[in-house]
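Hello,

I am handing over the structure we talked about, and my notes follow below it. Please have a look at it first and then read on.

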Amino acid sequence: MSDEDKKQDQAEPMAAEASNGAAASPAKAKDQDESSPWLGRTAVLEESNKPVWKYSRIAILVLFWVTWAVLLVAAVAQVALAPKCTPLLQAVAQGNATLAPLLDVDITA
């Protein structure tokens, strides 16, 4: 068997699968199945164009971005308004430096 015969034998099943694959796609089979409790693709697209669903999608999107912006502002405000740390030497002088012995800070300076 020559190389051309092998290529032709391989090409014939692929062409047959391509022509049958378009007719028996899983999306069409699921859409045409009347016994399924789920909505098919066309029914979902029809439902999604109703005003109730359009407005609910817009409301959820706006709510998401407003929440995101509020949380971002709250995080920035928390960092900006947080009390500043006291310098280490001042904390040692006040007796509040718990890390001074670990850092070998000279408190006599």
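How much accessible surface does the protein have, and what share of it belongs to carbon and sulfur atoms? The accessible surface is about 9900 Å², and carbon and sulfur atoms account for 66% of it. Accessible areas here come from the Shrake-Rupley method with a 1.4 Å probe, and for residues only the protein chains shown count as cover.

Before the details, a word on the source. This is a predicted model, in which local features need pLDDT of at least 70 and side-chain atom pairs count only at pLDDT 80 or more, while totals for chains, interfaces and linings use all residues. Residues are numbered from 1 along each chain as its sequence is written, and side-chain values use heavy atoms, with hydrogens and water left out.

On confidence, the mean pLDDT (the predictor's confidence in each residue, from 0 to 100) is 74 for the protein, and 48% of its residues reach 70 or more. Where pLDDT is low, the predicted coordinates should not be read in detail.

The protein has six helices and zero strands. Both are DSSP runs numbered from the N terminus, with at least four residues (H or I) for a helix and at least two (E) for a strand. Of the 109 residues, 5% are buried; buried means under 20% relative accessible area, exposed over 50%, and partly exposed in between (1.4 Å probe, protein chains only).

Now to the aromatic residues. A search of the whole structure finds two aromatic pairs. In one of them, the rings of Phe64 and Trp65 have centres 4.9 Å apart and planes at 80°, so this pair is edge-to-face. The other joins Trp65 and Trp68, also edge-to-face, at 5.6 Å centre to centre and 70° between the planes. Rings of Phe, Tyr and Trp (its six-membered ring) pair if their centres lie within 6.5 Å; planes under 30 degrees apart count as stacked, over 60 as edge-to-face and the rest as tilted.

Together, these ring pairs link Phe64, Trp65 and Trp68 into a cluster. Phe64 sits in helix α4 (residues 51-81), and Trp65 and Trp68 lie in helix α4 too, three residues apart, about one turn of the helix. Phe64 is partly exposed at 47% relative accessibility, Trp65 is partly exposed at 47%, and Trp68 is partly exposed at 46%.

The cluster residues also belong to a nonpolar surface patch: Leu61, Phe64, Trp65, Trp68, Leu72 and Val76 have about 660 Å² of accessible area together. Patches are made of residues with over 30% relative accessible area and no salt bridge, with like charges joined within 9 Å and nonpolar side chains (Val, Leu, Ile, Met, Phe, Trp, Tyr) within 5 Å.

Finally, the structure holds one salt bridge, between the side chains of Glu47 and Lys50 (3.1 Å, N to O). The term stands for a side-chain nitrogen of Lys or Arg within 4 Å of a carboxyl oxygen of Asp or Glu.

Best wishes
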